[in-house]
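Biologist: Please bring up the model, and I will ask where its labels come from.

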Amino acid sequence: MSRISFKHVFKYYGKHQVVTDFNLEIESSEFVVFVGPSGCGKSTTLRMIAGLEDISQGEIHIGDRLINHLSPKDRDIAMVFQNYALYPNMSVYENIAFGLRLRKTPKHEIDIGVKKISRVLGIESYLSRKPKQLSGGQRQRVALGRAIVREPQVFLMDEPLSNLDAQLRVHMRSEIVKLQKQLGVTMVYVTHDQTEAMTMGSRIVVMKDGRIQQVATPEEIYNNPANKFVAGFIGSPPMNFIEGRVVEENGRLQFQTKRFMLELSREQEHTLRSNNRVNKVIELGVRPENVFIEQPNPDRFPTSNVTGVLLHSELMGADRYLYLNIGSKNNLIARVNPFHRYEEDTPIQVTINMSKALFFDVDSGVCLLD
């Protein structure tokens, strides 16, 4: 399998810039997920790899080959689309075999390849059926089989699970990851679903407005987001953001809003001083799992208490989400024990694990790190 290299890639539609200065190295046999909101340029970037969109500027290499001006059939890639793109008049066998027949592969080799990949995907018993006789998950397996049987250098997937129901999406996520590891293929996967990105990719490319915001492992993206957009887009429920001012009292820094003040650790003070944030407005970010109702052991991590008014709660099975108003511009989500009930419109004191708090520049959104 081959690596993919992007060097200062741009895509324009007339004067409209869709992808801007895209630089990325995807290693051989790596599973990389492009994620971002609709219109961020992720599918356009995938289609530039496939040759379905022209590259306006820059270079894309697959292995040692510059592919900018190669036709799609000469790029040695396979693509799985959102709508499966199966031929309705052909059987499952014929759909999987179609690409090999175009290559004029000998009939006995086609038969061996189709039966082998159908066993891997668990669709052996469906080979004589037409696509209309299959469920959504079965059709997706056929689309995967048609791509895999050709043994291309690169697999491209454009939101392949978006048409499936929630339970089947979960199942197919694990199936695709298992298949990618089994085959050792280079795979680029596009989705707008951050859960898919976090559970499938070995690395995630977060995009917004045609630009890369961050490239990292799922753990790094979640725990150390590069900016406020990444922090808010990745994670469900999303990260809490609280705007306030860094003030100094008696030689110590604190994070202050109109309603409350939060204590900072020595490390956080050092970070904010080194970033010249004393007496300036910043945003604090904290994930819902680091907001508690029950008082944690203070020896485990530094905490600060905040009182808010419960707006509403959501029971999510293993968790309950509490939505609290903690000031005119600030709301807070807490992920708490699901077995306790809380009355709406009542004051509730919550505890924030300040050791997990992040800080962001209010203008650029960049995460402030030491």
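Biologist: Why are helix 2 and helix 3 called oblique to each other?

Modeller: This is a predicted model, in which local features need pLDDT of at least 70 and side-chain atom pairs count only at pLDDT 80 or more, while totals for chains, interfaces and linings use all residues. Residues are numbered from 1 along each chain as its sequence is written, and side-chain values use heavy atoms, with hydrogens and water left out. Now the label: the axes of helix 2 (residues 92–102) and helix 3 (residues 107–121) cross at roughly 130°. Angles under 35 degrees count as roughly parallel, over 145 as roughly antiparallel, 65 to 115 as roughly perpendicular, and the rest as oblique. Helix 2 and helix 3 are therefore oblique to each other.

Biologist: What counts as a helix, a strand or an axis here?

Modeller: Helices (H or I, at least four residues) and strands (E, at least two) are DSSP runs, numbered from the N terminus. Axes are lines fitted to C-alpha atoms, for helices over the stretch in contact, and angles run from 0 to 180 degrees between N-to-C directions.

Biologist: Within what distance do the axes of helix 2 and helix 3 come, and which hand has their crossing?

Modeller: The axes come within 10 Å. The crossing of helix 2 and helix 3 is right-handed, a word used if the near helix is turned clockwise from the far one by less than a right angle, with anticlockwise giving left-handed. Tyr93, Ile96, Ala97, Leu100 and Arg101 of helix 2 make the contact with Ile110, Asp111, Val114 and Ile117 of helix 3, where contact means heavy atoms within 4.5 Å.

Biologist: How do the residues of the contact of helix 2 with helix 3 divide?

Modeller: They divide into 7 nonpolar, no polar and 2 charged. Ala, Val, Leu, Ile, Met, Phe, Trp, Tyr, Cys and Pro count as nonpolar, Asp, Glu, Lys and Arg as charged, and the others, Gly among them, as polar.

Biologist: What makes helix 4 roughly parallel to helix 5?

Modeller: The axes of helix 4 (residues 136–148) and helix 5 (residues 166–183) come within 11 Å and cross at roughly 20°. That angle makes helix 4 roughly parallel to helix 5. Helix 4 passes helix 5 in a right-handed crossing. Among the residues that meet are Gly136, Leu144 and Ile148 in helix 4 and Leu168, Ile176 and Leu183 in helix 5. By class, this contact has 7 nonpolar, 4 polar and 2 charged residues.

Biologist: How do you know that strand 1 and strand 2 pair?

Modeller: Two strands pair if DSSP finds at least two bridges between them. Strand 1 and strand 2 have 7 bridges, in the antiparallel sense. Lys11, for instance, has Val19 in strand 2 as its bridge partner, and Tyr13 stands opposite His16 in strand 2. The two strands form a hairpin with 2 residues between them, and Gly14 in the turn has a positive phi of about 65°.

Biologist: What is the order of the open sheet of 4 strands?

Modeller: The order is 2-1-4-5, with antiparallel pairing.

Biologist: What makes strand 2 and strand 5 the edge strands?

Modeller: Each of them pairs on one side only. Helix 1 (residues 42–50) packs on this sheet, touching strand 1, strand 2 and strand 4, and its direction makes about 115° with that of strand 1.

Biologist: How many bridges join strand 4 to strand 5?

Modeller: There are 2 bridges, and the strands run antiparallel. His61 has Leu66 in strand 5 as its bridge partner. On the pairing of strand 1 (residues 4–13) with strand 4 (residues 57–62), the count is 5 bridges, also antiparallel. There Ser5 stands opposite His61, and Lys7 has Glu59 as its bridge partner.

Biologist: What is the order of the open sheet of 5 strands?

Modeller: The order is 13-12-11-14-20, with antiparallel pairing. Strand 13 (261–263) and strand 20 (358–361) are its edge strands. Neighbouring strands of this sheet are turned by 40° against each other on average, direction ignored.

Biologist: What makes the contact of Arg3 and Glu25 a salt bridge?

Modeller: A salt bridge is a side-chain nitrogen of Lys or Arg within 4 Å of a carboxyl oxygen of Asp or Glu. The side chains of Arg3 and Glu25 meet at 3.2 Å, N to O, so they qualify under that limit. The pair links distant parts of the chain, with Arg3 in the segment before strand 1 and Glu25 in strand 2 (residues 16–26), 22 residues apart. The structure holds 15 salt bridges.
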